[in-house]
Structures are given as structure tokens and as C-alpha cells.
Amino acid sequence: MSVIFGLAAVIAFLGALGVVLSQRTIYSAMSLVLNMVALAVLFLLLDAQFIAAVQIIVYAGAVMVLFVFIIALLSPGAEERLRSVELRLLLGGVGAVAFTLLIGRLTLNGITVGAHGRLHGALGPFSPAAVNAHGQVQTLGDQLFTTYLLPFEVTSLMLLVAAVGAVYLSRRRRQLA
Amino acid sequence: MGEEGVSAAATSVLLAVVVAVVKGVLIIFVLMTAFAYLTLAERKVSARIQLRYGPNRVGPFGFLQPAADGVKLFTKEKVAPEGRDNFLYLLAPALAACAALFAFSVIPIDQTICIAGTHGAGPLSASCPGGYPLHWDLAHLNIGLLFILAITSLGVYAIFLGGWASNSKYPLLGALRSSAQLISYEMAVSFALIGPVLLAGSLNLETIVNQQHSLWFVFLQPMGFLLYFTGALAETNRLPFDLPEAEAELVAGYHTEYSGMRFGLFFMAEYINMVTVCSIATVVFLGGWMAPFFFLPNWLGPIWFVAKVALLLFLMMWVRWTFPRLRYDRLMQFGWKVLLPLGLANLMLTSVFVALR
């Protein structure tokens, strides 16, 4: 388990680095795909098979394919770096530290670190045992359609608006031409 | 006590690894052989349909033709275009073959076998208490169907990168077409598969097969089966949907600039993908390993499974040599304006049926 976790974590990290560091867009995009697949492996290790599959289908399979599609259509050249190295390091460093602190604070919510580095805290309502007893897909579906119904519907409305807008723009351009 | 626990856990892990490796090697071997003989079958079927003999010189009835083809592919000169992106150019065919082989790992060929009397050696299973549940599929996932959809959606990168990295116009056009086509038809395929999932109430492929013991889903979901099969033809780039490699306009589409075994890997991926989509159709719609008639014995499971897959594969070849290729805009229109609405309608009807049941 820990071996697989280590491998997946390193690959995810390398993928993330590749997104930022490679100067050619297609390599950035492929690094992002690598990162997402590695994240899916991490989800699998957490016993979240459904989330892992959705992660690959939606992000690696659909969103990134569209990205790559656009990259091929526009075929952009290599990235031009306008700001100096020092400024980029400074801005990136500040952002990274702030983000890490935020994530760390959220992760440690209600968890205390005891002796020998052991973590103490109460299990929430969605412990692996509870989720597996009810079924992973069922738990997610229940939550989506009860607790998170409003955000869920608002998101679908937003996507609908975006789709209608895209169709309108593409049709108007065709009429102009 | 502690040491015993550790050694038992280590044995269990070791056993799991050994079982997985053996199954993996078997799956790869069987799929490779299937690929080799499918190329021969395709040529024989096409020859029959066109009133020819087909390959009949190498071995009796041409049975050694795949071996001769293999030797030819391995010894051919590897021609590669100037100005290619070498890393992605070499990565693409490997990715295609890997994705195709990987997708098959969750397909159950027969029911789980329970090896009794091996207390605690294997994973715990409710259906096999105190024994070792030996699954026929390499990875027994609760979300097997979603896993297959996820892996096949990654296959598009292989085609796309192959076309893009070649730095040549026909491959690029083929790659663009294939990305657009795969995204469009994936929707239809997914909608077609949700129907049986609703009926079975599970995404686990073995559960889906077991739910069909009295009636195969193809009889409850005839529309779903037709939609799936049509979408599957498009997903595997078979005629009449083989626009990514339409030879009349694009030479050979995304793999124009590949030769030798590099082309062979793309070719292999196409045929293995055919086997995979036909296996999914068998598992989801045709009752998997169940005997086709009630008076036939059920214990011949794997044979029924292979027979059904072979029938579907023959159907795919038959379609290929019978129908002409669609025009590209018609293909996209067909996907979005016919298959997708039909899939949605089928899904709604099924939902109402399941809700009222």
C-alpha cells in the first residue's frame, strides 16, 4: 500500500511540476493528464473507487481531451516568459506557502497530534466503513440530491448557460461570415 | 501472535500478487492470440463477402498467416517523419496498446470460483466465507463498468498524440477527427450502458451478469443494445465510422507516418478494443457466461462467453464489409442528433420502469 502511495504521490508531483515547467503547451497538457491519473490512483487507495473513475472520465477523459483538441487547432508556439526569475519565484513562493497553510488547517480540523506523531480525532459521518456499508455511489447520490441539492442544480444551470452561450457565439460568427 | 499475524498478512499479499500476475499474463497472452487470429478472420470474412479466397498460402487454410505478418512487421524498416516530436511519437503506439490491454482487466469471463478451506488466505468475501474467492477478472472492482469507460476514454490520447507528433497534415486531421468523434460517441455509449445499470442496480460487472439469470438485458433494452453497438463501432474506429483513418481522403489517418511494429501496436490496439467492446456488450446485454438456452449446461460458462463475443466480432466485420463510410458532418450529426436523443429517451423510459417496479 505505502509503496503504491509513494509511487503515485511522486508521479502526481512530477506531473504537477511538468504542467508548470514545460514550455510547450502539449507537454503541459499531457503532464496534467499524468497528474490526474496519479490522483485517481490515490483515490483508489482511499477506497473511493467511484471518485477515482469519475476523476479519470471527467477530467482526463473529457476536459483534457477538449484542451488538447484546442491546442491542436490553434497550434501555439513555445511559451514566452516575460517576468524575471526572481519575481516568479517570489510570487509563486508566497502563493504556495499560503495555500499549504490553508489546506493544512482544513485537514487538521478537529485532529490533534499526540505522542509519537499519532493523530487523534473522532470519525465523521462518512468514515470508510459507513460509506461502504451504504454503498459508495449511493452515499454520493444521497448527499448530492439532499444536502448539496442547491449547489448541484446551480452548477448544472451554469453549465447550461455556458453551452447555450457557446452555441450562440458560434452561430453568430457563421452568420457574420 | 504478532509475528504470526504479520506472516499471515505477508502470505496473503504475496498470494494476491502471484494470482494477479498469473491472471495478467494469461489475459495478455489470450488477447494477443485473439488479435493475431482476428486479423486473419477479418481477411477471410472480407474475402468470403467479396467472393475471393483470402489468405490460403501460409499453412493449411492460411492459419500461419498471422505469424508471417508478425515476422514481416518486426523486420520492416522503421520509417519516421522529419520534424516529429520523438518522445510523443514513440509514446503514442505504446499508450494505445496499453490502454487496450488494460481495459480488459475488469471483464468477468465466468462466475467467481470459491476455493473452500483456505481460511484467511485471501480477501474476505460474503459469498465465500472461509474460502478463497478466485475471480475470473484481474481486478474485481465495484465500479467495473465505470473503470472500462474511464480507460477507453484515455485511449483517445494515443490516437491524438500519434497524429499530432507525426508533424504531418493527414495524421493531424485524422487525430482531430478522432478526438471529436470519440467525445461525441462516448456520450451515446455511456447513456446506452446506464439502462442495464439501472435495471441491475449495480456497476459491478459480475452482479450485472447475475441479474440476467432469467432474462438477458438485450430483451429488456433492445434500444440500448443497438445504441451501444453503433456507438462501439464508432469508438473502435470501425467502418462505417472509420473517419480518423479514412483511406480515401486521409491516406491512413492518424497512423500514416508509422511503419513496422509501431504501426503494429496501433493495429493491435484496434483489434483488442474490438474484443473489449464486444465483451462489454456480452456482459451487459447478452448475459455473460449464461447458457443461451435453458437446456444447455451453465458450467460451460467461458465457452458461452467466448461464443457470444465471437458472434459480435463477426457482426462487426460483417458491418464493415457491407456498409459504406459516412461523410464526416453526417457522422457528427448522427451522433448528436440521433444517437444521443435516443439514448436519453431510452434512459428516461428505463428510469420510469425501474421506479414503478
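Visitor: Leaving aside neighbours within four places in sequence, what is B:Glu42 in contact with?

Guide: In this predicted model, B:Glu42 touches B:Arg238, B:Tyr271, B:Met317, B:Arg320 and B:Trp321, contact being heavy atoms within 4.5 Å. Local features here need pLDDT of at least 70, side-chain atom pairs count only at pLDDT 80 or more, and totals for chains, interfaces and linings use all residues. Residues are numbered from 1 along each chain as written, chains are lettered from A in the order written, and side-chain values use heavy atoms, without hydrogens or water.

Visitor: Is B:Glu42 buried or exposed?

Guide: Buried, because its relative accessibility is 4% (the cut-off is under 20% relative accessible area, 1.4 Å probe, protein chains only).

Visitor: And which side chain does B:Glu42 join in a polar contact?

Guide: That of B:Arg320, at 3.3 Å. A polar contact is a pair of N or O atoms within 3.5 Å; within protein, one must be able to donate a hydrogen and the other to accept it, and residues adjacent in sequence count only if both atoms are side-chain atoms.

Visitor: Switching topic: how much do chain A and chain B bury between them?

Guide: About 2,000 Å², with 79% of it on carbon and sulfur atoms. That is accessible area (1.4 Å probe) lost on putting the two parts together, summed over both.

Visitor: How many residues does each chain put into the contact?

Guide: Chain A gives 21 residues and chain B gives 22 residues.

Visitor: How many residue pairs are in polar contact between chain A and chain B?

Guide: Two, both at pLDDT 80 or more.

Definitions and conventions. Buried means under 20% relative accessible area, exposed over 50%, partly exposed in between (1.4 Å probe, protein chains only).
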